[in-house]
Amino acid sequence: MAPTIVEIPREVLETFAKSDQYHSSFLVRPDEGLEHALEHDVESGLPGFSVSASQGKFLKLLAVAIGAKRVLEVGTFGGYSAIWMSQGLPEDGELITLEISEVNAKVARENLARAGIRNARVVVGDAKETLANADKESYPTYFLEAKRLVRKRGIIIVDNFVQFGRVADENFCRPPTNRQFEYRTDSTVGGVRTLLRMLKEDKEVEATTMAVADMKGYDGFLYAIKL
């Protein structure tokens, strides 16, 4: 049994945030549409679950680097990451973002419109039928569908893949405490672990986990390429 991973001290999390903000002050240019999206999320009562600006910039750069023309996002929330990724697409590109909540979808459409994004479409529907609602328990299902849809050498990104180290803590059996962001249930960890076991035997993709320490705390994402 692996040793229990201890809670990350608050001062360490604050250091993560300060470092992220410092680098972003040089590398992330001011963008009225993105800034308004975050403000509108708060005004609309949406919790702060959007990606950080540095991660959003990474997603944009990734789309540019591979010459992506179509992007599928699972879980729109307020549309912040959708704005970033849409900025990395060509004029004839398209982003489809899937969301199960009508409330979130409404806010996202307003944010996309305010940001001047015209190549993104928000689709609302049941998770299992439309591949919407990115609940972590269903990560294996979403990944298999994404792999089916993506082109060869296409990229699949799966967010919230480290979860403050909980995924690697085999003794984890309770919700986290004293953290800025919490995950709803222990089954979210189980979904990530199940996907990791699947990927170990999957010969159709190459993948790695990238841990991220930023203003959102300590988390990470899966980076997978379809062979």
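1. In what sense do strand 1 and strand 2 pair, and over how many bridges? In this predicted model, strand 1 (residues 70-74) and strand 2 (residues 94-99) run parallel to each other, with five bridges between them. One of the residues involved is R70, whose bridge partner in strand 2 is E94.

2. The faces of strand 1 come next. In a regular strand, side chains alternate between the two faces of the sheet. On strand 1, V71 and E73 lie on the covered face, while R70, L72 and V74 lie on the uncovered one.

3. Helix 2 and helix 4 form a contact. Two packed helices are described by the angle and the distance between their axes. The axes of helix 2 and helix 4 (residues 80-87) cross at roughly 165 degrees and come within 9 Å. Because angles over 145 degrees count as roughly antiparallel, helix 2 is roughly antiparallel to helix 4. The crossing is right-handed. Helix 2 contributes G33, L34, A37 and L38 to the contact, and helix 4 contributes Y80, I83, W84 and Q87. By class, six of these residues are nonpolar and two are polar, with no charged residue.

4. Helix 2 also meets helix 5. The axes of helix 2 (residues 32-43) and helix 5 (residues 102-114) come within 9 Å, crossing at roughly 155 degrees. Helix 2 is therefore roughly antiparallel to helix 5, and this crossing is right-handed. The contact involves E32, H36, A37, H40 and D41 from helix 2, with V107, E110, N111 and R114 from helix 5. It has two nonpolar, three polar and four charged residues.

Note on methods
Residues are numbered from 1 along each chain as its sequence is written. This is a predicted model: local features need pLDDT of at least 70, side-chain atom pairs count only at pLDDT 80 or more; totals for chains, interfaces and linings use all residues. Side-chain values use heavy atoms; hydrogens and water are left out. Axes are lines fitted to C-alpha atoms, for helices over the stretch in contact, and angles run from 0 to 180 degrees between N-to-C directions. Helices (H or I, at least four residues) and strands (E, at least two) are DSSP runs, numbered from the N terminus. Angles under 35 degrees count as roughly parallel, over 145 as roughly antiparallel, 65 to 115 as roughly perpendicular and the rest as oblique. A crossing is left-handed if the near helix is turned anticlockwise from the far one by less than a right angle, and right-handed if clockwise. Contact means heavy atoms within 4.5 Å. Ala, Val, Leu, Ile, Met, Phe, Trp, Tyr, Cys and Pro count as nonpolar, Asp, Glu, Lys and Arg as charged, and the others, Gly among them, as polar. Buried means under 20% relative accessible area, exposed over 50%, partly exposed in between (1.4 Å probe, protein chains only). Two strands pair if DSSP finds at least two bridges between them.
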